[in-house]
Amino acid sequence: MKSNIEKDLDNLSKNLYLESPDLWIEFLDKVGAGIFDELVLFFATKYNYISIVKYAIENKLIDINSKSKNKEFATIYDHLVYVARQNKYKDLNDYFYILKNPNKEVPQNNKNKEKNKSDKNTSIKKESLNIPTVLCKKCNSNIFETGYIVCENKIFKYSTEEKKPIEIAKEELNSVICLNCNSLVESTTPKDLESLCNITTCINCKTDLRTSGIIDKRNLVYNKESNKFDLGDTYYACGKCEKAISDQQKDYFKLK
């Protein structure tokens, strides 16, 4: 007969299968091997399985004070608390509060007060950092927040002088791998990601285009026959320095 924790893991597994079959396989592999890491507890928290969270923490299968793989949060604890608050899970919120404050009673208004504070700080943080967004299709995380991997090809040749293989050349590969789930992020390259970081910045005066604004301008083309200037093509420019923006920026801001 299955224990309560095994039943909850089975039910969580079914929920995860409907959300993402790929992550479901990874989840099964981890649980089957007795690994209760941040990914497992993230989904346990997301689907409100407090029994699984308690089981992992109280049996010391995970250190929730260790660094989170999600760079938006300092620790795994902070990540799980955020998920619990976002979903308004009172039991999980209370449990996490008690973990940090074992000798205190849970304040009645703790949930709402802390949630509002967290939401406000997160909103300010994201706005001030202006983090671009590229979503991994497998785990749906923003790779600019969770991190991504860029690989290199290194070429070695045996050196008769040093009597060992030495590196003679290397090149950066164009593939990008999601750090959160270790899957290939399709249709993007490291250079694409670098360009996206400056997508909202004027290439000339470095002003944030969302602050300076974008103006539409038209070239005037001289017409010899009529001896006057005719209106030419429209182009878009920075509102501060009036330097034309790039085609990539035009596409990003959905300008026709």
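Is helix H5 mostly covered or mostly exposed, and how many of its 11 residues are buried? H5 is mostly covered, with 9 of its 11 residues buried, where buried denotes under 20% relative accessible area, exposed over 50% and partly exposed in between (1.4 Å probe, protein chains only). The buried residues of H5 are Ile76, Tyr77, His79, Leu80, Val81, Tyr82, Val83, Ala84 and Arg85.

The structure is a predicted model, in which local features need pLDDT of at least 70 and side-chain atom pairs count only at pLDDT 80 or more, whereas totals for chains, interfaces and linings use all residues. Residues are numbered from 1 along each chain as its sequence is written, and side-chain values use heavy atoms, with hydrogens and water left out.

The chain contains 11 helices and 4 strands, assigned as DSSP runs numbered from the N terminus (helices, H or I, at least four residues; strands, E, at least two). Of its 256 residues, 33% are buried. Contacts are defined by heavy atoms within 4.5 Å; among those between residues at least 6 apart in sequence, 47% join residues at least 24 apart.

The largest nonpolar core comprises 40 residues, and those with the most contacts inside it are Leu41, Ile52, Ile57, Ile64, Phe96 and Ile143. Such a core is a set of buried Ala, Val, Leu, Ile, Met, Phe, Trp, Tyr and Cys residues joined through side-chain atoms within 4.5 Å. Apart from neighbours within four places in sequence, Phe96 is in contact with Thr45, Val53, Ile57, Tyr77, Leu80, Val81 and Ala84. A second, separate core of 5 residues includes Cys202, Leu209, Tyr236 and Ile245.

The largest pocket is lined by 32 residues, with Phe42, Asn70, His79, Cys139 and Ser141 lying nearest its centre. On a 1 Å grid over the protein atoms alone, a pocket is an open set of points where a 1.4 Å probe fits, with protein on both sides within 12 Å along at least five of seven lines; lining residues have an atom within 4 Å of a point. Two or more lining residues come from each of helices H2 (21–32), H3 (38–46), H5 (76–86) and H8 (143–146). H3 gives the most, with 5 residues.

Most residues other than glycine have a negative phi. Lys88, in the loop between H5 and helix H6 (90–100), has a positive phi near 60° and is exposed, with a relative accessible area of 58%. Lys206 lies in the loop between helices H9 (190–197) and H10 (209–212); its phi is positive, near 65°, and Lys206 is exposed at 59% relative accessibility.
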